[in-house]
Amino acid sequence: MTTSTRTSPGTTASANPEQSDVRRGRGRAVLDVVDERLGISALEYPVPGHANNLAWSLGGITAASLGILIVTGILLVQFYSPTPETANASVRHIVTGVWGGGFVRGVHFWAAQAMYVTALLHLGRVFVSGSYKRPREGNYLVGVAMLGLVTLAIFTGTVLKWDQEGFEALGHNIEIGNLLGGAGLWFSPQFADQVPILVRLYAAHTVIVPGLILVLAVLHGLLVKKHRISPHPALPTDASGTQAPADEPTAPFTHHLRRIAAFGLALLGILGILAVLLPPAVGAPPVEGIEITRPPWMFWWVFTLENWIGLSGILWGELAFFALLVALPFIDRNPNRLWRRRPVAVALGSVLMVLLAVLTVLMVVTPAKQHLGMGM
């Protein structure tokens, strides 16, 4: 004798619990097979609760910005022509002749700004929380290297527009390369005189720099897994500083990734709105022999130095900035991580921030000066 399951009109009979258990068992078996080969379960290491707030998620948001840049960049390179004769016209064609091209370019532009800002904010959080201290000095230096590469990516992207701003940026690139002598040979048009330097910068922007960032990002993630996300400085830790406090709840890193994905989706929405409301302009083809534009805002502080002491101000300003960042974990030997217990480091960091802000504002109110004497 068999039994049947009756349902009221308009309803569907629920699945047999035994069948559901079988399906879940099969799904689990598939995941186990994948995990056995890819080691996905290794991502389930414990993460302290404080790592899920916005300030401690800035590194992940920076990574989300990178992902958006890669996707939109892949779309843009399908229509971009990296030769001096056609570069500016191809950008204009992307905006006016390719369906959705202006929107994709806008998202790409604003994602670059977002990546730079979130990388700086992440660096600031690392400084304030003392997360660069032992045993995380190496991972901190990896982060500083990635910040330098992000800066280089923005510079090369500016040149690729091949408008007046991009042309003058390239001029500064060549002149600074000359100041470096042999160390700056790659930046010289004579390095590979059969290939326009714009083509080489295009290769740097689309292959070399993103590739290096991705390699360092993987290393960064592996070091985070090894040392764990740094404990909150206001909570007690063990002697090594590598474990989250016992009284703070933890969750698997995969849960943290879900939050990062949510932040990334929110970021994508904001970038889309900015791309529609504030699309980046398309400048006219460049004119050689003049210097009339200001650089992108993240370079204003060094261009104030250029106005004061010439092109060498850009070189020495950038070198000094990154030298200070690299030296930080080796100079600040105070074992305390709470900012109130590190008055010297916090005071010097605040002075540096104020100095950069003042130099940036001065660039806004100071007219551009002629420094270039390039012939490209």
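## Salt bridges in the structure

Four salt bridges are found in a search of the whole structure; a salt bridge is a side-chain nitrogen of Lys or Arg within 4 Å of a carboxyl oxygen of Asp or Glu. Side chains of opposite charge can pair when their charged atoms come close.

This is a predicted model, in which local features need pLDDT of at least 70 and side-chain atom pairs count only at pLDDT 80 or more, while totals for chains, interfaces and linings use all residues. Residues are numbered from 1 along each chain as its sequence is written, and side-chain values use heavy atoms, with hydrogens and water left out.

## Lys133 and Asp332

One of the salt bridges pairs Lys133 with Asp332, with 2.9 Å between the closest N and O atoms. This pair links distant parts of the chain, 199 residues apart. Lys133 lies in the loop between helix 4 (101-128) and helix 5 (137-160), and Asp332 in the loop between helix 10 (312-331) and helix 11 (343-365). Helices are DSSP runs (H or I, at least four residues), numbered from the N terminus.

Lys133 has a relative accessibility of 7% and therefore counts as buried, a term that means under 20% relative accessible area with a 1.4 Å probe, protein chains only. Asp332 is also buried, at 12%.

## Lys161 and its partners

Lys161 forms a salt bridge with Asp163 (3.5 Å, N to O). Glu165 forms a salt bridge with Lys161 as well, and here the closest N and O atoms are 2.3 Å apart.

Note on methods. Helix = DSSP H or I, 4+ residues; strand = E, 2+ residues; numbered from the N terminus. Buried < 20%, exposed > 50% of the residue type's maximum accessible area, 1.4 Å probe, protein only.
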